[in-house]
Amino acid sequence: MIVESKDWKPKIVAFLCNWCSYAGADLAGTSRIQYPPTVRVIRVPCSGRINPFFILASLQHGVDGVLISGCHPGECHYLTGNYSARRKFVLLKSLLEHTGLEEGRIQFSWVSASEGVKFAKVIAEVTEKVKALGPAKKLVKSKT
Amino acid sequence: MPELTNKIREVARDLLQQKKVDLVIGFARGTTPMCSTPCFVRQDGEVNGLIWDSFCENNLAKYLVKRSDKIAIIAKGCDARAVVELIKENQISRDQVVIIGVPCQGMVDRGMVRSALEGNEIQEVEEKDDRLIIKGKNFEKVLNRNEFLHPSCKVCTHRNPVIYDILVGDTVKELDTEPYLDVAEFEALTPEEREEYFSKEFAKCIRCYACRNACPLCYCQECFVDCSKPQWIGKTTEASDTAIFHIMRAFHLAGRCVECGACERACPMGVDIRKLNRKLTKDVKERFDYEAGLNLEEVAPLSTFKPDDAEEFILHP
Amino acid sequence: MKAKIIKKTDIASFLDKLIEDYEAFAPVEMDGLISFEKVSSSSEALLDYPNSKMPPKQLLFPQSETLFSYSSTKDTGELEVPSGPEKPRLIFSIRPCDAMSFTLLDKVFGGDFKDPYYLNRRANTVLVSIGCTTPRASCFCNSVGGGPFSTEGSDLLLIDIGDEYVVQIVSDKGAKLLDKKGFEDTGKEKLDLAAGVIKTAEASMGPGVKTEGLKEKLDSIFDDPVWQQLTEKCLGCGICTYLCPTCHCFDIVDETIGSGGERVRLWDSCQFPLFTLQASGANPRPTGKERFRQRMMHKFSYLLDSCDQIGCVGCGRCITECPVNLDIRQVLNSIAQLESVK
Amino acid sequence: MTNSDNENLTPIPAEGKVGAVMVVGAGVSGIQASLDLANSGFKVYLVDKGPAIGGKMSQLDKTFPTNDCSMCILSPKFIECATNPNISIITGAQIDSIDGEAGNFRVTLLQEPRYVDVDKCTACGTCAEYCPVNILDVYNEKLATLKCIHIHLPQAVPAASVVDPAQCLFTKRKACQICVLVCKNKAIDFHQQERKMEVEVGSVILAPGYEAFEPQLQSQYGYPKLSNVVTSLEFERILSASGPYRGELLRPSDRKHPKKIAWIQCVGSRDTTCDNTYCSAVCCMYAIKQVILSKEHNSELEAVILHNDIRAYGKGFERYYERAQNTPGVRFIWSKVSILKETPETKNVVLRYRVNGTEVKDEEFDLVVLSIGLTSTDGHRQLANKLSVGTNQYGFCESPGFSPTETSRSGIYACGVFHAPMDIPDSVTMASGAASLASQLLSDQRGTLIEEKEYPSERNVTREPPRVGVFICHCGTNIARVVDIPKVVEYAKRLDGVVHTEENLFSCSIDSVTHMAETIREKGLNRVVVSACTPRTHEPLFQDALRSAGINPYLFEMANIREQCSWVHTRDGEIATRKAQDLVRMAVAKASLLKPLYQLPYDITYAGLVIGSGIAGMVSALTMANQGFKVYLVEKDKELGGIARRIQNTIEGRDVQTYLQKLIQKVHKNPLIEVHTEANIVDFSGYVGNFTTKIAEGAERKVKEIAHGVTIVATGAEEFKPAEYLYGQDPRVLTSLELEEELAKNSEKFKDCHSLVMIQCVGSRDSERPYCSRVCCSLAIKNALKLKEINPEMEIYLLYRDMRTYAFREDYYREAADKEVKFIRYDVDDKPEVEVVTENDQSILRVTVTDPTLGQRLMVDADIVSLSTASVPSTDNKELSQLLKVPLNEDNFFMEAHMKLRPVDFATDGIFMCGLAHSPKFIDESITQAQAAASRAITILAQKTMKASGAICVTDKWKCTGCGVCQEVCPFSAIEVEAKEKVAVVNEALCKGCGVCASSCRSSALDIGGVSDQQTLTLIQAL
């Protein structure tokens, strides 16, 4: 058993679509809403841009959580990118959890450009969930 | 079985004689017992090499892609489903193939038969109705073939070809087993148990890619495992690389897998590969009400969407 | 023949004694899969088994092996080469065909270029093989220079004569294993018994392949369309090469993480398109036909030129494990039957 | 109505018109008007009397209600102006005289000497270092000093020093020339004389802005005698990171942190004791903003706002007000106030005010902020006189008709606070509106006087190893206060590929950007990382610097260490610093892999689609059609006109129905406008420059396809029908709009009416609709005055929460009060009650309300109750927003790209909004906004070609198997599998670079420029 230090802070990667969720994150900033410093954001044009490999590569790299956030259904800047993404991700998430990945390592949310508060809440909640899971071990690349 | 063999030869002979096709892809007897092997017939004189028995396990649709000649293919239920997918994915055109459908009673798993013989070397196997008569150096044993079917054949829901030009033999009764029971059983395990199971399975993998190469729907010019720009995963047998190979291989078949089991049969190490595919097949059926390879019209589930697709997995803080 | 006798009832204690001094590997069955694993007790090891799924070559030539690891900052860099095993190694209960495969690997890795990773391990390893009383239908060792009781590559060979093993001492290294163990020398009677066992086994084997004139034939039909037909059903997977005890092609990749990483040697397979893919995108072996031909040519022609040995020990793994029953014997025999093209 | 309603536009002969416009005043309005015009094909002369552009907005710290840093959002516009080859910025200049007529004016400018050659000066600041004379810093409201030769503000455009001739030792007595000696560029020139310049323009836009009210004019505020009484503008500077106290909240007397601050509202506004009886429209909101910002500086702070109604009437304002109200330690007190005294020892200020109407209270504060009004000055009047432009009694520019952007002189337009006190978005909107009128006037001269901006040819960097330059921004103190910038710089230096690092106070200032371009050239950088704010606003600015330096603009990456770091991890500098390092590391890693991308030009469909035919829709349609563009006007009703059909007059007395009928006629007569009534949008696709819309029309729902290049959403709003106050149950209860209609139809009926009660905020400002409907107070006053006209004896009770008669509407409020309309303030928690009681067999409509001044329940038996109900967003908005893929805000009004500076744009290029679809507003405001939307649309239609993004999909033919999944998932039908070769082919004009295809491709045969698989994997590995 790995004993975790009390102040262990998970490292979470957030793939945010440029038009809604990244803007929502910006709004959280302009509104000075504080949230846990656990997230590193990768800006993508659309949640539909996110290749399943991005998620797997992140896990392999050892991040403790992956968040994917896009525009609300029907509000995608690219019309339907988030719908395509939604299908892809639900299958991937289900498959990964089938292989034993803890539920909560990968999270999905919709955050619009006007939802700065929601963005902060999402980060807080994902952080809490991932914290409860402890450091990632599954699918993490081991060094030989 | 011999009747089917004869009918297949007849059909093949006609097609070749009438120059309706350049090539018939079917099965021939293999070099070891309980082993049939893919066979390519171009002359009507060679049709007697074609056979049909309980060991025609390969998915011949594999051989259709990247060809320009006109081909007749012997197609079990799963082969036909793969043909449908390949047509939908622009890999072959419908008028390029003559589908000789053969209703299938499930193929026999020789590994399972061997285990039942506790290491006795088999020399000859004869089929009579549902019986397998196994002969060896100092023994003879009779087994019921239906107890020795491949795992994929045991849960097959489309034994009859869903699409064909010529049907050889009578249609068979489809199995009325509850679908996805196998998946549900595994789903009922704890995440830790599932993880342990897969870790053990993946650890066996030697990255020979037979699973990929046997799959009738793996036809990429360059597979993601071979891709160097970018290099998606490492090429070693390191656990996470292997796991991701299998996960992504299965994911690339999401909504496309025709459940033929070719991947699993090809695996020399006995990795339970279908466990991944089956989960996706179940999810796709339950979420998107789609089964791969049943018709030419339906759009693949990952090529389309519904605005009201379930999204219970979305976080709402 | 120098040989000792070990009673079957004593073999376990013999192995256990060896385990004290050696890092011992032996065939082990797990979930129906037989593979060479490190054993800590004789009870784990199999002595009567068809053959392992994977050949034991990976004990000396692992599927992936870190050659060195490196780390660098903007201005400096460091290399670290992993250290080899300290304890001498024993491979116990290896089949003669697999033991023989090391004689080829020795030439490949110990030729003009000496590969320290392989050679160090090889020098540190002793092989105890066990002869095949009942060869399998897929076995054809006897037609490629070996046999069910071949001693090539082994240090000791066990011959099952019923309640006892005749232990043939092949090398000094092997003799050392028996030192001070108190085993008796083998008398003529038992040697005759052994010879009988060998004879029966050899007689039970099928015709295998004809290697006579094969090299010349192969060299002459390089461009023959027959290759297309022979390989039409090949799926292009790596089973035949990865499961082959003599295949030894490898790739070297850098596994980079940030500014550091590892240089890793991996098995590669001539059956993969990537094997010969050039940076320009050109591929001199663009299809399965060329790749399959390469496998045959390499094993039965090129290795004869470079190592004076065939790259095949007749273990039959590529036959039993091929998903489409592409039988190497059948291929070679149909080539042998071809008219030479001049 | 001499010159209104666009009537002046057609008669002017085309010949002799000049395709240039002069914009007078370079505040945010002037800047916006200039940019719109320059981007629509006109030469612009942007004239300001000051030494730099930016106006009052550049002095503000943050802006409400988003708390955006004022300079952060403004400085990109500075740079756009400075780098646009079609904008000539003329500072230190004023109009001397004007000749000619609309289409062809000759303007004489007088430019005072700057004593610095703007072209030579590099703004290095050496002259200021050596200058021996300290003067008060005007930019910092004289709270700080600077040198006599100085740079006006850090981000100044032009980026050049200026000499204050009144204080310069040389100009005064030829005593010193040290600046001339130390200037390496010989930029200082004391030989400069006042200069006369003649400029020929077709039109003039007046945007001279305002001056802040000077409280010293009224002794009761103790200003400037009491050192801890400051004006709100001074307080802005105090709050500002670039202000006199470097962003620390201190009070002037002892530079200590004030613990208790009071804001006194309406200083110099709504004040009959001075001439400014109007409402300054913005003070309530900026005071709330200052409270919120002050609380951010010190959460323990006690803040009191002493006000006479909080006028939070704009979009998003009410929520902002609520946020302040809910902040602990903040009190809003509705009372008159006077300054009693200064406590001598502490210099604290004691205020006296009333609580609960009667009780008098004295309270001591550390600091008092006077919320000073916006005024016009003699200078404004003189300017108006010189141009023969009419002004109102307060010296603000008067518009004769419905369109506020028009002045009394043809060809001369006005915008911004010169028209009336207004906030930034309204000013920006009006600026665009004014620009559209100038553009309309001169449309046949479009493109005659402009030139393209030239960039050096691009250096090919593909074969070079990465040479990354990292520029890390302090953003004043916005970032630097939390993140340890030097540490981040040190960290960045050690990263692979980094060959240059530097920190900037403001990376976005013109000198920083210029310097960045120089550094790129000098150090041969081939990748640039700016670690600052969000790329969503600032990326284009820095990309332009790359282009100017001769490298491809896509070789650029930003690390967002402000919005996503310093602003959200304010409390832990160490963690924020570490995160900033991570973000920089990621950006550098990605930057090293960036490749040049190229934009492809494509053709435009020169037509506009306007959805909704209310006044806003029709005005925007006409404004475009009058400039020669085809317009499709789509209306869901049978008739044109929208909700204006129900409005009779404006509060100013203008006849809405006549205006509306004329407008409808003009629309119908215009050959370029194609009207579709009873029509709905059923499908919408395409992209800026080439949209395709399907409408279903008429009873048969006939589907028609429309091709257009731009889209304007003008779908209006609806009247809220309440369920309270017996509405719908008793015929005597009306909405105020119904009352207005009744008044127009049947005014006689009201002669017998003795008592009428108006209830405000019905359906507005409540939990369901927490926004103010903006117009209802004025609408009620309008009705009240009308009723008093009909029956002066009528008892009118107006029950309100805050009267929000902003700007000059205040005069009507006062008039109503003078006419004895009874105003009773009610509390939202103690709403009036309306009931029907039967007394003496008579059904009586009884209203009860608590009178806060008397503290008693007041009972009124009313003949009529009028409910001022909310404007509610059209129920169709949701569907339309989904069809157009544009967002709605929380209240279901359409959401603009940026609250302050892009008020009529959607984030989606080529789609704009105006009128009530945006938020509740008055007719004149809708007209202005409609003109603005048209102006923004014209900036697209005026282009010869559009350019497709460079960040689009590329295919690897070798890898592609032609399986077609990309074709199926592409939302824009931009990919097709070519049948013969079986490979995917991308239509580059259609591709938007979303990347859905790339992530769906199993063969990795598709990739997206700028977010390639490899780049993203590298980012992940750099996490």
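Which residues on the other side of α1(C) are exposed? In the predicted model described here, in which local features need pLDDT of at least 70, side-chain atom pairs count only at pLDDT 80 or more, and totals for chains, interfaces and linings use all residues, they are C:Thr9, C:Glu20 and C:Asp21. Residues are numbered from 1 along each chain as its sequence is written, and chains are lettered from A and ligands numbered from 1 in the order in which they are written.

The helix in question, α1 of chain C, comprises residues 8-21; helices (H or I, at least four residues) and strands (E, at least two) are DSSP runs, numbered from the N terminus. Its buried residues are C:Ile11, C:Phe14, C:Leu15 and C:Ile19, where a residue counts as buried if 20 or more other C-beta atoms lie within 10 Å of its own, as exposed if 12 or fewer do, and as partly exposed in between, with C-beta atoms placed from the backbone. Seen down the axis of α1(C), these residues fall within an arc of 140°, so they line one face of the helix; the arc is that of the directions from the helix axis to the C-beta atoms. An α-helix has 3.6 residues a turn, so residues three or four places apart point the same way. The buried residues of α1(C) pack against β1 (3-7), β2 (23-30), β6 (89-94) and β9 (164-169) of chain C, a contact between two residues being defined by C-beta atoms, placed from the backbone, that lie within 7 Å.

A corresponding description applies to helix α11 (residues 328-337) of chain C, in which C:Ile328, C:Arg329, C:Leu332 and C:Ile335 are buried. These residues cover an arc of only 135° around the axis, which puts them on the same side of α11(C). C:Ser334 and C:Gln337, on the other side of α11(C), are exposed. The cover over the buried residues of α11(C) includes α6 (214-220) and α10 (317-321) of chain C.

Chain C as a whole has eleven helices and twelve strands, and its C-alpha trace spans about 65 × 65 × 40 Å along the principal axes. For 342 residues a compact globule would have a radius of gyration near 20 Å, and the 22 Å of chain C agrees with this; the radius is taken over C-alpha atoms, and the globule rule is 2.2 Å times the number of residues to the power 0.38. Of the 342 residues in chain C, 44% are buried. Among the contacts in chain C with a separation of 6 or more, 72% are between residues 24 or more positions apart.

In the contact with chain D, 43 residues of chain A meet 48 residues of chain D. On the side of chain A that touches chain D, at least two residues each are supplied by α1 (21-30), β2 (39-44), α2 (52-61) and α3 (81-98) of chain A, and α1(A) gives the most, with seven residues. By class, this side of chain A has 22 nonpolar, 15 polar and six charged residues, where Ala, Val, Leu, Ile, Met, Phe, Trp, Tyr, Cys and Pro count as nonpolar, Asp, Glu, Lys and Arg as charged, and the others, Gly among them, as polar.

The contact between chains A and B takes 38 residues from chain A and 31 residues from chain B. The elements of chain A that give two or more residues to this side are α2, α3, β4 (106-110) and α4 (116-133), and α3(A) gives the most, with 14 residues. The residues of the side of chain A that touches chain B divide into 15 nonpolar, twelve polar and eleven charged. A:Phe108 stands opposite B:Ile314 in β9(B).

Within chain B, B:Phe202 is found in helix α6 (residues 191-204) and is buried, with 22 other C-beta atoms within 10 Å. Not counting residues up to four places away in sequence, B:Phe202 touches B:Ala239, B:Thr242, B:Ala243 and B:His246.

In chain D, strands β50 (residues 975-978) and β51 (residues 983-986) run antiparallel and are joined by four bridges, with D:Val983 in β51(D) as the bridge partner of D:Glu978. The hairpin of β50(D) and β51(D) has four residues between the strands, and D:Lys982 takes a positive phi near 55° there.

How values were computed:
Two strands pair if DSSP finds at least two bridges between them.
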